[in-house]
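Subject: Structure handover

Hi,

Here is the structure for you to look over. My notes follow below it.

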Amino acid sequence: MSLPSASREPAGEPDDYLERRKLRRGSAGWLLLTGLGVAYVVSGDYSGWNFGLAEGGFGGLAIAMVLMGAMYTCMVFALAELSSILPTAGGGYGFARRALGPWGGFLTGTAILIEYVLAPAAISIFIGDYVESLGLFGLESGWPVYLACFVVFIGIHLWGVGEALRFSFVVTGIAVAALVVFALAALPQFDASSLDDIPVDSSALGASSWLPMGLLGIWAAFPFGMWFFLGVEGVPLAAEETREPARTLPRAIRWSMGILVVLALMTFVTAAGARGSSAVQDAGNPLVEALQPDGEATVLSRIVNYAGLAGLIASFFSLIYAGSRQLFALSRAGYLPRFLSLTSSRRAPYLGLVVPGAIGFALAASTGNGARMLNIAVFGATISYALMSLSHIVLRRREPELPRPYRTPGGVLTSSVALVLACAALVATFLVDVTAAFIALAVYIVALAYFGLYSRKHLVAKAPEEEFAALAAAEAELTRD
């Protein structure tokens with residue numbers, strides 16, 4: 001199974017083309033990568049998921065969280081196998097390139113890029129809100145705070161990947177520790193009768209106290225159930241900077257997902273049960289709200305509030321990393337302008353960091369609408385999930401003898417479950433914010449026009465992902481002969 005082909009340039013690049021586009025190898029082991037996987041997601045435990053209560057109630061969001069958790073679990077098992085086969089910075093784009101051809105690779109890579117450019121822009125706005133609500137330095141949420149976020153944290157990434165990942169690991173550790181503190185503090189206030197206290201819409205099909213918006217509310221809550229896991233799929237993007245990637249990446253991906261499942265269950269149940277689903281469904285800071293039954297700040301609520309800021313910083317910081325590596329890989333292979341993949345003397349893709357950062361800052365400063373940008377990011381994410389899951393199925397069917405240092409438990413059945421649920425989640429984005437979905441679709445169409453009219457004719461044959469695909473084509477040709 002393959003989508004339409006594209007031409008590659010076998011020559012024309014200077015001899016040092018790849019040397020000028022090299023990342024620092026061996027900078028991360030499985031522990032730092034596990035921290036990176038959790039860092040991508042941890043801010044979602046502090047805020048955002050609770051808006052799903054307004055869409056489906058506690059029962060609807062609970063079912064959505066379980067289904068989306070199943071989708072991510074199945075998908076990361078598939079990605080663990082794919083990353084052991086092709087450990088390059090292209091991640092999902094590289095997998096789809098081998099399985100679905102250049103068009104499939106570009107479709108996947110662009111969807112991932114939409115996710116990783118829009119999500120940091122949204123999170124910078126949330127950081128600004130936290131800074132203002134905490135009264136830090138008397139600052140108000142606005143473009144100076146957003147600019148400071150991008151400048152400071154992109155600067156750390158430019159310093160070097162090892163330093164960046166260690167910084168992310170420390171901040172993520174603080175955020176995770178605070179989630180445990182929150183759960184322990186909220187447990188004494190837990191009341192099961194508070195879980196289903198949202199008023200029931202009697203006109204909705206299948207409505208009940210557990211499903212106040214009916215059966216359709218489950219589907220509408222899908223995007224919010226994703227917030228407990230959104231971003232973990234970015235771990236393979238660190239492949240070229242990892243020690244023993246074929247062994248390290250699958251281990252880090254599995255550990256990241258396991259930790260995130262525990263955090264999701266712990267946070268969701270204790271927050272809703274401590275204060276009530278109705279009280280936290282619209283809160284910008286639901287965990288703090290859950291610890292303040294009388295609206296008065298306590299020592300614990302302040303600790304969790306500051307930790308929420310740490311969680312946002314961890315996710316912001318790590319998503320910048322993921323976006324820069326996806327842009328680097330697409331640029332290095334010629335799918336996007338090649339100059340974007342140039343690396344500095346410290347082996348950091350400086351334009352791959354600065355250009356998306358500038359776009360993210362401009363979006364944050366001009367719109368101030370973090371929720372909509374996150375919905376656009378979710379739209380891109382669901383497309384990439386479907387295509388990456390499909391890539392696993394295609395490679396298992398078409399190339400069963402391909403060396404696989406790690407094999408997905410359940411094989412294509414596992415990735416098929418991820419594919420079906422990803423398609424359902426994609427449709428659900430239109431139920432939540434149809435404007436955001438169409439904005440993302442418009443960006444996607446513009447990107448595809450660029451690829452169809454120009455870049456597909458100027459791909460770089462020596463890029464790792466292209467060489468891997470060319471090898472597959474050559475082997476297929478020999479088999480036919």
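The model is predicted.

Aromatic pairs come first. There are 24 of them in the structure. Take Tyr93 and Tyr335: they pair edge-to-face, 5.2 Å centre to centre, with 70° between the planes. This pair links distant parts of the chain. Tyr93 belongs to helix H4 (residues 92–134), and Tyr335 to the loop between helix H12 (299–332) and helix H13 (350–367). They are 242 residues apart. Both Tyr93 and Tyr335 are buried.

Phe153 and Phe316 are also an edge-to-face pair, at 5.9 Å centre to centre and 65° between the planes. Here too, distant parts of the chain are linked: Phe153 sits in helix H5 (residues 143–159) and Phe316 in helix H12, 163 residues apart. Both Phe153 and Phe316 are buried.

Ring pairs also build a cluster from Trp49, Phe58, Tyr72, Trp210, Phe228, Phe229, Phe268 and Tyr385. Separately, Arg251 lies over the face of Trp30, 3.9 Å from the ring centre.

Now H13. It has 18 residues and reaches 26 Å from first C-alpha to last, close to the 26 Å expected at 1.5 Å a residue. Its buried residues include Gly352, Leu353, Pro356, Gly357, Gly360, Phe361 and Ala364. These lie on the same side of H13, because they cover an arc of only 145° around the axis. The buried residues of H13 pack against H4, H5, H12 and helix H14 (370–398). Just after H13, Gly368 takes a positive phi of about 65°.

Best wishes

Notes:
Residues numbered from 1 in each chain as written. Predicted model: local features only at pLDDT ≥ 70, side-chain atom pairs only at ≥ 80, totals over all residues. Heavy atoms only, no water. Phe/Tyr/Trp six-rings, centres within 6.5 Å; stacked < 30°, edge-to-face > 60°. Helix = DSSP H or I, 4+ residues; strand = E, 2+ residues; numbered from the N terminus. Buried < 20%, exposed > 50% of the residue type's maximum accessible area, 1.4 Å probe, protein only. Lys NZ or Arg CZ within 6 Å of the ring centre and 35° of its normal. Expected span 1.5 Å × (residues − 1). Arc of directions from axis to C-beta. Contact = heavy atoms within 4.5 Å.
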